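Here are some notes for a colleague who is meeting this structure for the first time.

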Amino acid sequence: MAKSAVTIKDLHYKYPNTTSEALSDISLTIKEQEFVAIVGQTGSGKSTLVSLIDGLIKPEKGDLNVAGLKINATTKAEDLSKVHHRVGFVFQFPEQQLFAETVEEDIAFGPRNLGWTAGQIKKSVDDALKMVGLPVALKTHSPFALSGGQMRRVAIAGVLAMKPQILILDEPTAGLDTQATNELLKLIKQLNNKATTVIMVTHQMEQVARYADHVIAMSEGKVIADTTPRHLFSDSQQLAKLSLTLPISVDIAQFLRKHDAKLENTEPLTLDSLADEIVKAMRSKENE
Amino acid sequence: MTQIKIRNLTFKYPDSKSLVLDNINLDIKASSWTAIIGHNGSGKSTLARLIDGLLMPTSGLIEVDGMKVDENTLGIIHQQIGFVFQNPENQFVGATVADDVAFGLENRQISRLEMEDRINSALAMVGMTKYKNVEPINLSGGQKQRVALAGVLALMPKVIILDEATSMLDPRARQEILTLLKKLKKEYNLSIISITHDLNEIELADKIVVINDAKIAKQGSPAEILGDKELLLKIGVGIPASQQLQSLLVERGVTIPQKYLSLEELKNWLSQQLQ
Amino acid sequence: MNNKIVFGSYVPVKSILHRLDPRIKLIMCIVYVILIFFVNDWLTALWLLAALFLAIKLSNVALKQYWQGIKPLFLIILITVAFQILFSSGGKMYWHWGIMAITQDGLINSLIILYRFIIIITASTVLTATTQTFQIADALAWLMKPLKVVKVPVNQITLMLSIALRFVPTIMDETTKIMKAQRARGINFNSGNILTRIQHLVPILIPLFVNSFKRAEELATAMEARGYDPNAPRTHYRQLTWHTYDIWAALGLGIVIIGLLWIRIIF
């Protein structure tokens, strides 16, 4: 059994000067090396939850254990900042946070804040650039002179350079075209394969179906489902309640089943497995 | 009937050598839905801005309803062509929803009395009536884009240009806006030009124009363009799910009658086969 | 979501003050602030304080909420007052050390400053709590109208002002977002000496500027696409109309002024 990367117990959170809880009574476990998708409508508490995991805000009640660090209402600010040594957070539209004169300096910002040596910093910058597939020659360029897609990669490299054990991404593919989206997801999956725990907030059910091992669905500050993608997509009532869409492959399968097609697996998570199912059903029909 | 006529259109920025658009010739019919697709930086956004007179061509001609787009006709062009931009936040001028819809009317010097009616009906068209006095900070991205659309509709345009107008929205809001556009187009006989790389949005068009390296690489019906996998991959748009499934089935030895089926057509064909 | 009470924010409740025309409220606020400088003794001070309490009462916003709005500024007020006490001279001396001294005049002066500070801040908070920012912009536009005669581009200034106000919450949101992102990258805004703290502003201010320029550019294009021409005449959707209760408010202001003058003459 894999060790847990994040455990959350009876967590409550309320923003200052507000009356209703942004998160109420959250308990969950994320295992090491898992690829977790967090889904739910805008305002359901997804961003608050990941901010708590990254120690950017403190819980009001309850306990978190993030990569071995304990966080609760009484945790001091300097202990909270230790979380950033182990957790990386790629915000939505991260290219909007670039600031340095050169790509190199911007990527080095995180490692420098963590107090690494010059040698470590240099190596981490080079590694990060390589990981996101940008040429090392770009180091001396201004980040503001790059194309939109390249800026996004530099911003992500800035987080990867901190070599996080847990990587949080909030809608990392928002605004990218299909090709850039696929490349980025491939990169995230590679990191995941190399032992990084990935927590990705997303609205794209295709991405959940294709990449996630574990999905957490939220609504109005509560966890509504904490399960596998296959299980989530088979529960159409719950999906409707969460107002989530189906991945296209599951959508087609359910449409066919509604029209009396006999498919064995009604939740094919990829188009590939859907094609297999359809071919199987066609063959068995021919044999009748 | 041709509504927008583009002839030998070339554009480059004054301080640059390379052409953003190179000898573009294009006709857009009245009450049609045209999708313009291409790589980031292919010039598709520039083309949209040129049609609306927000940029002036280096050479060549653009006509909207027989009227040449130039400095003297800008007022009329801006009224006849409504433009919805990508970022919901950065096109919201007014302090409240009503003020924002009013902005274009104020510029056209519509009287206060008429304004109220036009604002009310435009908000009703996009389903935002009950948000009339709400401030932008309390609206979602999708709601802001509806307001942007209302601001455009209040001017009673003939053409609406959407410059990646749904790309910053979540899938649900995006779908809602597309459904709304479909309805509005039909009810008010609008032409729609959408610059996009969202496949769902592309599939709504009756004509697709592919721009690559400053030139029109191909134009045609959805079947002609969306069936051309090589081209789609080259411009980074990706292949529609229906096409992907179709080729996966063909690989597995299934014979499908037509080369291109839309998602709906494919679903129906499959359900007939499996019934 | 945004129901924090901060200095200068609008409190959306119903009250007589909320209903008043923003122009009369702006005038009342300006006149009242001028009146503060005519205070010369306990009685006049109390008279204006009473007027302010009446306004607070009529605003239907709890005193506690005003206090929460003013609290962040209190430290600045206290420091100013402390300087005033320690560094002014005259009258009887109670204590001294080097150039610092506590004197009778110093105490009285600082008391006056404390009074003015609190009253002015509270009065303007009453205005902003009962009047939405765009209404204040409308009222300012109306006040500036006479300047058209001397060729001041009032319409452009007004539009600029209302757009600027419209984007204040947007930019505040963005600042929070950028700070959060940089904190996630390991920066600690609460540590280090003044120099490092100033350096820590760079990763916030640069993205903020870059984004704002981009925003301005996009906004300008969007405005042009909607037919905006700075030199062309425009009609106005938002129109202010006077009501009877605005006259009552003006009358109330008159009473405050006359009362103040009367107290000064009689006593």
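With which residue of chain C does Asp100(B) form a salt bridge?

1. In this predicted model, Asp100(B) forms a salt bridge with Arg226(C), and the closest N and O atoms of the pair lie 3.3 Å apart. The count of salt bridges between chain C and chain B is four, and 18 residue pairs, both at pLDDT 80 or more, are in polar contact there.

2. As for extent, 28 residues of chain C are in contact with 37 residues of chain B, and the two chains bury about 2,900 Å² between them, with 53% of it on carbon and sulfur atoms. Arg166(C), Arg226(C) and Tyr237(C) supply 33% of the area that chain C buries against chain B, which is more than any other three residues.

3. Chain C also meets chain A, where 24 residues of chain A are in contact with 20 residues of chain C, and where the buried area is about 2,000 Å², of which carbon and sulfur atoms give 56%. In chain A, Gln96(A), Gln97(A) and Phe99(A) lose the most area to chain C, together 27% of what that side buries.

4. The count between chain A and chain C is one salt bridge; Asp106(A) forms a salt bridge with Arg185(C), the closest N and O atoms being 3.1 Å apart. Helix α3 of chain A, residues 103–113, gives the largest share of the side that touches chain C, namely five residues, and that side divides into 11 nonpolar, 11 polar and two charged residues.

Technical notes. Residues numbered from 1 in each chain as written. Chains lettered and ligands numbered in written order. Predicted model: local features only at pLDDT ≥ 70, side-chain atom pairs only at ≥ 80, totals over all residues. Heavy atoms only, no water. Contact = heavy atoms within 4.5 Å. Buried area = accessible area lost by both parts, 1.4 Å probe. Salt bridge = Lys/Arg side-chain N within 4 Å of Asp/Glu carboxyl O. Polar contact = N/O pair within 3.5 Å; in protein donor to acceptor, adjacent residues only side chain to side chain. Helix = DSSP H or I, 4+ residues; strand = E, 2+ residues; numbered from the N terminus. Nonpolar A, V, L, I, M, F, W, Y, C, P; charged D, E, K, R; others polar.
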